[in-house]
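Please read these notes with the structure open beside you.

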Amino acid sequence: MAFKNQKDSQSNKRKRIPGATKGDDGGKFSPKKKLRTPSNNQPNKGFKKPFDSKAAGQSNKGFKKLFESKAAGGKPKYNKSDTSQDAPKTKRELRIQAKELAEARKKKRRPHYTLEQELALLWEKMRRRNIAKEDRSKLISDALRRMKGKIPEIAGSHVSCRVLQTCAKYCSKEEGNAVFEELRPHFLTLACNTYAVHLITKMLDNASKEQLAGFISSLHGHVASLLRHMVGSVVVEHAYQLGNATQKQALLMELYSTELQLFKDLVSLKERRLVDIISKLNLQKTAVIRHMSSVFLPILEKGIVDHSILHKALVEYLTVADKTSAADVIQHLSSALLVRMIHTKDGSKIGILCIKHGNAQERKKIIKGMKGHVSKIAQDRFGSMVLTCILSVVDDTRLIKKIIIRELQKVLKELIFDKNGRRPLLQLLHPNCSRYLSPDDLSLLDSSIPSILIKGNLEPEAEAEENVKSSEVEEDEDEVEEDEEENVKTVTGGKKDPLLRRRELLVDSGLAESLIDACCENAEELLRSNHGKEVLFEVVTGGADGILHPQLDEKLESLYESIASIVAIPKSEEDEEEKEHLLENFHSSRTIRKLIIDCPSFASTLWKKAFKGNCKMWAQGHSAKVICAYLESTDSKVVKMAKQELQPLLDKGVLKLPEKNQPKKAD
């Protein structure tokens, strides 16, 4: 046992290579020995060197000799870095030195730096408001004289560009033409400059028809590339807005195909729609779609979606695009990007198409992107139509309540009186009513993408084969057309019942209750308002299909009472000078008359509070039409209630009914 342990202890020792010394490469794992120095051998003890006065005196003498030699004009024995520390500078001197160095660097980097400084001084004088026209024209002439021949070079500077803008605004016609001619060869280069782009737009504002036409022709072949540029796209959009219909079409057609981009002669066509252009020039539809997608996708990826020229081109693209290409565009735009597009007519149409044909996730992204902007969108001419479409199509009512309805409730009073803001509210109260929506608005809501509507959209080759088969068999062709018509009808809205969706958004969300309260508080103003009276009328009548009944009958009764109490206020001579009575006002009298005819419960409340025993006083003027409305009502109880007092007035000739509206017999 002892032998075994001894053997084990020997085996644990490191093996040594014969002939190898300690510390050589052969001896592995050998620790390096520390070199022995006198400092290492001595213990660490505090050491203090004694002060030597002689040595200190000699060093002081050396410094004295150094300063004496400098004073005598001789060169010092020490470096300049050492001497600079001996003469410290003040903060003011350091600032001056830094400014001089910066000026020197700018002069080296910018060859016209001195000229720019002179122009800046002139600009401070010429841009003042209280300066005389003659003095300003002299300063502008002086500035243009100094810049002559150098304008393209200095137009990209943030200083001289502002000077040129002021000159272009106030200069004479001859001077403006001279500047325009000097900049003409460099328009494309300057259009992509961050500062020069403002000068270009200013020159286009003041340009003549010939100059504008020349500028638009110079953009030929470069429209697509400029639209992909963040700065250059601003110039293209500005030229598009200033141009006439022919010039706008010329800019648009370059985005359609490579043939139209290369050959100027093909651009001059009378056709406006892309479908007609393809059939007129016999272009390949697939090639057009491929070219337009290669143009639009980089623009959408960069987020350059604010320009109306792009909106128009996208609308034309969606009319010819196949199902896959259209779905790609909808996927790219289904985000906060869409909020920046819906301020134009074509942009709002794109927004409506994305909402109608997008899937649930894409619709959710669009609605979430509107968060914080709903009130502004609702008061926009075209943005309000997008909100109207969302309230009519999207089935996710919980999301709409959380984002859209909640923000609408905060600015409800402003929306009621606003011409555009009332549209989403009226759409919930009375959807797709031609009284509140124009034919253009209704056609905008009915717009759709043809390729997505066609059931089972096929690829071009498969589509050609299908056409051959359908031409052989006429019966099959008729069946396909019937299927397409049925599919068009089913895709126009969501899957949820429209009445149920309206009830969830209007009544269950609390929007209707807030709306009735707002009408009670502002009843008189709404009756006198040209736009607010329509919202009040729909609320009082309970909306289409009686959507506010019976849950809000009590609230509506309080609204009837508030309107009747305002109408019952007797007119006085003092009030006539300030404002007309509600029964004599043009807007309010007609609204009250319609309410009496269409809402029997309101008519009875108003009769008891305002008209009973006072009809003779209101038998002339606009108020006479209001009283006659009781005899035109469709409700027999209302007619019977008022006829006893109104019939004697009719017999005496005090009250006259309109010729078209004869009183209806009471049962």
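1. The cysteine sulfur closest to that of cysteine 628 belongs to cysteine 615, at 9.9 Å, which is too far for a bond. A disulfide here means a pair of cysteine sulfur atoms within 2.5 Å. Cysteine 628 is also buried, with a relative accessible area of 1%. Buried means under 20% relative accessible area, exposed over 50%, and partly exposed in between, using a 1.4 Å probe and protein chains only.

2. This is a predicted model: local features need pLDDT of at least 70, side-chain atom pairs count only at pLDDT 80 or more, and totals for chains, interfaces and linings use all residues. Residues are numbered from 1 along each chain as its sequence is written, and side-chain values use heavy atoms, with hydrogens and water left out.

3. How far is the sulfur of cysteine 167 from the closest cysteine sulfur? The distance is 7.0 Å, to cysteine 171, and this is too far for a bond. Cysteine 167 is buried, with a relative accessible area of 1%. By the disulfide rule, the count comes to zero.

4. Serine 623 sits in helix H41, which covers residues 622-632. Helices are DSSP runs of H or I with at least four residues, strands are runs of E with at least two, and both are numbered from the N terminus. Is serine 623 buried or exposed? Serine 623 is buried, at a relative accessible area of 1%. A polar atom of its side chain lies 3.0 Å from the backbone oxygen of tryptophan 618. Apart from neighbours within four places in sequence, serine 623 is in contact (heavy atoms within 4.5 Å) with Leu583 and Trp618.

5. Arginine 422 belongs to helix H28, residues 422-429. Arginine 422 is buried, with a relative accessible area of 8%. Its side chain reaches the backbone oxygen of lysine 419 at 2.9 Å. Not counting residues up to four places away in sequence, arginine 422 touches Leu415, Ile416, Tyr436, His531, Glu534 and Val535.

6. Helix H36 spans residues 532-540 and is mostly covered, with nine of its nine residues buried. Just after H36, glycine 542 takes a positive phi of about 90°.

Note on methods
A polar contact is a pair of N or O atoms within 3.5 Å; within protein, one must be able to donate a hydrogen and the other to accept it, and residues adjacent in sequence count only if both atoms are side-chain atoms.
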